[in-house]
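Good morning, and thank you for coming. I would ask you to look at the sequence and the structure together while I speak.

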Amino acid sequence: MFGLIGHLTSLEHAQSVARELGYPEYADQGLDFWCMAPPQIVDDITVTSVTGQTIYGKYVESCFLPEMLATQRIKAATRKIVNAMAHAQKNGIQITALGGFSSIIFENFNLQRISQIRNVKLDLQRFTTGNTHTAYIICQQIEQAAQQLGINLSQATVAICGATGDIGSAVCRWLDAKTEVDELLLVARDRTRLLSLQNELGRGKVLPLEEALPLADIVVWVASMPRGVEIDPTTLKHPCLMIDGGYPKNMATQIQHPDIHILNGGIVEHSLDIDWRIMHIVNMNTPTRQLFACFAESMLLEFEQWYTNFSWGRNQITVANMEKIGQISLKHGFRPLLSLA
Ligand code: NDP
């Protein structure tokens, strides 16, 4: 059985979902209540591959909310993640993806050191960040959407916002090794890590966001920001492809301009309907078929019975592993979302 650990994008979102799912006692509560709420299994999932194989899974809501980071409720945030992991393990789930901020919190606060959660000793082999599949899907979205829009990668400048992150650095590695992208712009806050990535790649310009945006034909958003940034569309190149892989979204502005194309990043479409409720709740356009690529990674590992933490740690994703997960993604009927806004 596979598992997905997820969270909602804001307190407001959580309150409306609690009402919809039949938890009225959660619906009118503020952030302090959510800080104390235990993890819950809120969905049972059935997925069938195009090969005919069927697998079963569960969705674990961790009750983490991005506001906990924004308001420095760090202890609550970390407790949410390890408790959700222990809950998944206790329920017999063999491989669980840590969605959205779950793996970021696990790494940033070094939760590896907390291995005993009450009577559960966490077995980390049962968890994957799902970031290898997410990075692979974002790279496919870059290549295929650029072709749709007539953007020639060999003449294109690609800005990666969150370049030094786990997903961002993997995207940079792929673009360097597998495409002929003309220029890479590396954007994040910590300059030392940016210079180290530039050194690893042997290329790329380190620029602040406001200088990178006007130069980019393609912008990939993979920054771990609890709230999105406002963007002035008049400062962007026309045409410009923006692939927003953040959860919550990195872009706060709803841009409506014929030459600016927005793509929901790190999202896959399955070829067959999935029996679940959870993607209705996170407002996917086609909730029976579309899902986060990190969640799809745990399904892929279950289909193949690779009970191992395929994606783990930080900035260790290789192009070879992206190709490997990409092959089984295709085999089981997943493809990158390509419908542009
Ligand atoms: P990491 O924590 O590994 O990396 C985050 C990156 O963002 C770092 O480069 C960090 O560098 C940068 N960053 C953080 N804040 C800012 C800021 N204010 N301005 C510019 N750069 C910033 O995160 P991941 O790679 O694991 O995840 C990235 C995003 O992808 C998250 O939003 C996550 O929720 C989402 N995600 C989506 C998935 C999907 O299936 N679609 C799956 C998993 C994650 P620095 O701190 O130096 O600024």
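Let me begin with a question: in what kind of contact do the side chains of Asp 166 and Arg 314 meet? They meet in a salt bridge, with 3.7 Å from N to O. Asp 166 belongs to helix H8 and Arg 314 to the loop between H12 and helix H13 (319–331), so this pair ties together parts that lie 148 residues apart in sequence. By salt bridge I mean a side-chain nitrogen of Lys or Arg within 4 Å of a carboxyl oxygen of Asp or Glu. Helices (H or I, at least four residues) and strands (E, at least two) are DSSP runs, numbered from the N terminus.

Before going further, some remarks on the source. This is a predicted model, in which local features need pLDDT of at least 70 and side-chain atom pairs count only at pLDDT 80 or more, while totals for chains, interfaces and linings use all residues. Residues are numbered from 1 along each chain as its sequence is written, and side-chain values use heavy atoms, with hydrogens and water left out.

I return to the pair. Asp 166 is buried, at 6% relative accessibility, whereas Arg 314 is partly exposed, at 25%. Here buried means under 20% relative accessible area, exposed over 50%, and partly exposed in between, with a 1.4 Å probe and protein chains only.

How many salt bridges does a search of the whole structure find? The search finds 12. In general terms, side chains of opposite charge can pair when their charged atoms come close. One of these bridges joins the side chains of Asp 32 and Arg 73, at 2.8 Å from N to O. This pair links distant parts of the chain, 41 residues apart: Asp 32 sits in helix H3 (residues 31–36), and Arg 73 in the loop between H4 and H5. Arg 73 is partly exposed, with 28% relative accessibility.

Another bridge brings us back to helix H8. The side chains of Asp 176 and Arg 203 meet at 3.3 Å, N to O. Asp 176 lies in H8 and Arg 203 in the loop between helix H9 (191–201) and strand S10 (205–206), so parts 27 residues apart in sequence are tied together. Asp 176 is partly exposed, at 29%. Helix H8 also holds Val 171, which is buried with a relative accessible area of 0%.

I turn now to the ligand. Which residues are closest to it? Of the 27 residues that surround the ligand, the closest are Thr 164, Arg 189, Asp 190, Tyr 247 and Arg 314. A residue is counted as near when one of its heavy atoms lies within 4 Å.

The shell comprises 11 nonpolar, 11 polar and 5 charged residues. In this classification Ala, Val, Leu, Ile, Met, Phe, Trp, Tyr, Cys and Pro are nonpolar, Asp, Glu, Lys and Arg are charged, and the others, Gly among them, are polar. Helix H7 (131–149), helix H8 (166–178) and helix H12 (293–304) each supply at least two residues of the shell.

An oxygen atom of the ligand lies 3.0 Å from a backbone N or O atom of Gly 165. For Ile 167, a polar backbone atom is 2.9 Å from a ligand oxygen, and for Asp 190 the corresponding distance is 2.8 Å. Taken alone the ligand exposes 930 Å², of which the protein buries 90%; these areas come from the Shrake-Rupley method with a 1.4 Å probe.

Finally, some details of the backbone. Most residues other than glycine have a negative phi, and most peptide bonds are trans. A cis peptide bond, with omega about 0°, joins Tyr 247 and Pro 248, and Pro 248 lies in the loop between S12 and strand S13 (260–264). His 238 and Pro 239 are likewise joined by a cis peptide bond, with omega about 0°.

Gln 72, which is not a glycine, has a positive phi of about 65°. Gln 72 is located in the loop between helix H4 (67–70) and helix H5 (74–90) and is exposed, at 62% relative accessibility.

Notes: Polar contact = N/O pair within 3.5 Å; in protein donor to acceptor, adjacent residues only side chain to side chain.
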